Amino acid sequence: MSSYIRINKKIGNFKNSIEIPGDKSISIRLIMLASIAVGKSRLYNLLDSDDISSTINSLKSLGVKILKNKKAVEIFGVGLNGLNMKENIIINAGNSGTFARLLCGLVAKRDGAIKLLGDKSLSKRDFSRVIIPLRKFGMNFKSKNSKLPLIIQGTKNLRPIKYVEEKGSAQVKSAILIASLNTPGETKVKCIPSRNHTEMMFKHCLGIPITITRGNKYESIKVKGQKQFKCFNYNVPGDVSAASFFIALTILSKNSELTIKNVNVNKTRSGIIEILKKMRGKLKLINKRFYNGEIISDIKVESTYFLKSINCPKKLNTKSIDEFLIIFLLCAKAKGISTFEDIQELRHKESDRLKIASDFLRMIGVKVVEKKDSLKIYGNPKLELSDKFEIKNFLKDHRVFMMSCIAALTMGGDFKIHDQDSINSSFPNFLKILKKLGARIISVN
Ligand code: S3P
């Protein structure tokens, strides 16, 4: 694996159609839920990346048989109480915050303790957000400062909880909902709305009655403990977070047009589309269809020579939480000042994305005002780079690497970008697709 890549030529004049890999959030949830269903589930177009391998390998350690063949990943579900209960199982979640946090809910009902480990980036992330609600179920956790390594101790006597989730975190909500499956009685979560894949899978794949009531600020979700549920098949749609880099690439390139096929544009996930429409980005959704509670569409996007700045409505924050890095880059090229508020959650991702984005934008000559929980970007439609830039020490955050590549390919300059292997966590063929569109990328060992 080369240690860095070099990009010193802009891309442009492409007209093409691409497919992007399966949705990461959906892939992780499917593997976990199929593992505790009864019988063999077949998952098609599952994302093939390091986060998914960590998920699959961990479930194998918990006693689930999982086979990969050319067409599908087959999961031989062990049933709700069928996971291996042995003491001292060690699980390594690698870079995956989603898997690690959902796992805490998945193993709520068990005898043996589990030791949960992760890579350098995951080991800096906070687990109190799942520890606090899961303790209310009767679980126990041991750790230093709520960080990995974490000892997870389940219980045979789970009790249903009522919990108010204030961060708009789908991982926290999902950990609670998954724990509730094994908990007698009704669990109630009141939460700031966030991606709803877990709820959609409960309803459409597992056939579990789930009540969702939407209020002004919060939504309320109620689920009853289950005896068992049956296996299911699922064809994973493309990941809008992966698509977002190609949307930005096309918008910021000259004379270009791209169709990205089969993307999941679920409303709780596709804030970037709403944001780009407000910024007058040229994109449209075509061939929309519904699948298991998700909305799938092709996205047609074109070069946009005039982008308008945005005062981003706070209600779009959770809907675009993984796309902010690339949205900020688009704002750097927009006319006017863009503002984002209440975005402190960005500090708790694979890296501190609010700081990294500010540093990056300043480095390329864009004025920003970074506060604890907000960012102001003074856009410059004429921004063109000619200097040398080196991007490193970003805790191997895959989205920082990909955003840097898009900046290099659309703004000019001579970029040296380290840690190419970071893309393996979510989008291993990212550079291959860029090259297909005509990008010149030099790998250096
Ligand atoms: C995810 C939820 C989000 C997101 C992450 C995936 C999920 O995290 O940033 O990449 O699949 O539930 P939070 O729950 O911390 O907001």
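Helices (H or I, at least four residues) and strands (E, at least two) are DSSP runs, numbered from the N terminus. Isoleucine 299 lies in one of these runs, strand β17.

Before going further, a word on the model and its numbering. The model is predicted, so local features need pLDDT of at least 70 and side-chain atom pairs count only at pLDDT 80 or more, while totals for chains, interfaces and linings use all residues. Residues are numbered from 1 along each chain as its sequence is written.

**Domains**

Domain bounds here come from an automatic or database domain assignment. For this chain the assignment gives domain 1 (4–21 + 237–444) and domain 2 (84–224). Their C-alpha centres lie 30 Å apart. Where the two meet, 15 residues of domain 1 are in contact with 16 residues of domain 2; contact means that the C-beta atoms of two residues, placed from the backbone, lie within 7 Å. The side of domain 1 that touches domain 2 has one nonpolar, eight polar and six charged residues. In this scheme Ala, Val, Leu, Ile, Met, Phe, Trp, Tyr, Cys and Pro count as nonpolar, Asp, Glu, Lys and Arg as charged, and the others, Gly among them, as polar.

**Two buried helices**

A residue is buried if 20 or more other C-beta atoms lie within 10 Å of its own, exposed if 12 or fewer, and partly exposed in between, with C-beta atoms placed from the backbone. In α1, 12 of the 12 residues are buried, so the helix is largely enclosed by the rest of the structure. Helix α7 is mostly covered too, with 13 of its 13 residues buried.

The lengths of both helices can be checked against an expected span, which is 1.5 Å times one less than the number of residues. Helix α1 (residues 24–35) has 12 residues and should span 16 Å; its end C-alpha atoms are 17 Å apart, which agrees. Helix α7 (residues 240–252) has 13 residues and should span 18 Å, and its end C-alpha atoms are 18 Å apart, which agrees as well.

**Two isoleucines**

Back to isoleucine 299: this residue is buried, with 26 other C-beta atoms within 10 Å. Leaving out residues up to four places away in sequence, isoleucine 299 touches Ala243, Ile247, Ile260, Val263, Leu283 and Leu285. Isoleucine 18 lies in strand β2 (residues 15–19). Is isoleucine 18 buried or partly exposed? With 15 C-beta neighbours inside 10 Å, isoleucine 18 counts as partly exposed. With the sequence neighbours left out in the same way, isoleucine 18 touches Phe246, Leu258, Ile260 and Ile433.

Two strands pair if DSSP finds at least two bridges between them.

| Strand | Partner | Sense | Bridges | Example bridge |
|---|---|---|---|---|
| β11 (residues 186–191) | β13 (residues 219–224) | antiparallel | six bridges | lysine 188 with lysine 222 |
| β12 (residues 210–214) | β13 | antiparallel | five bridges | isoleucine 212 with isoleucine 221 |

A hairpin of four residues joins β12 to β13.

**Backbone features to look at**

Most residues other than glycine have a negative phi, and most peptide bonds are trans. Asparagine 292, in the loop between β16 (283–291) and β17 (294–302), has a positive phi of about 45 degrees. Asparagine 292 is partly exposed, with 16 other C-beta atoms within 10 Å. Leucine 395 also has a positive phi, near 55 degrees, and is found in the loop between β21 (385–391) and α11 (398–411). With 18 C-beta neighbours inside 10 Å, leucine 395 counts as partly exposed. Finally, a cis peptide bond joins leucine 148 and proline 149, with omega about -5 degrees; proline 149 sits in strand β9 (residues 147–153).
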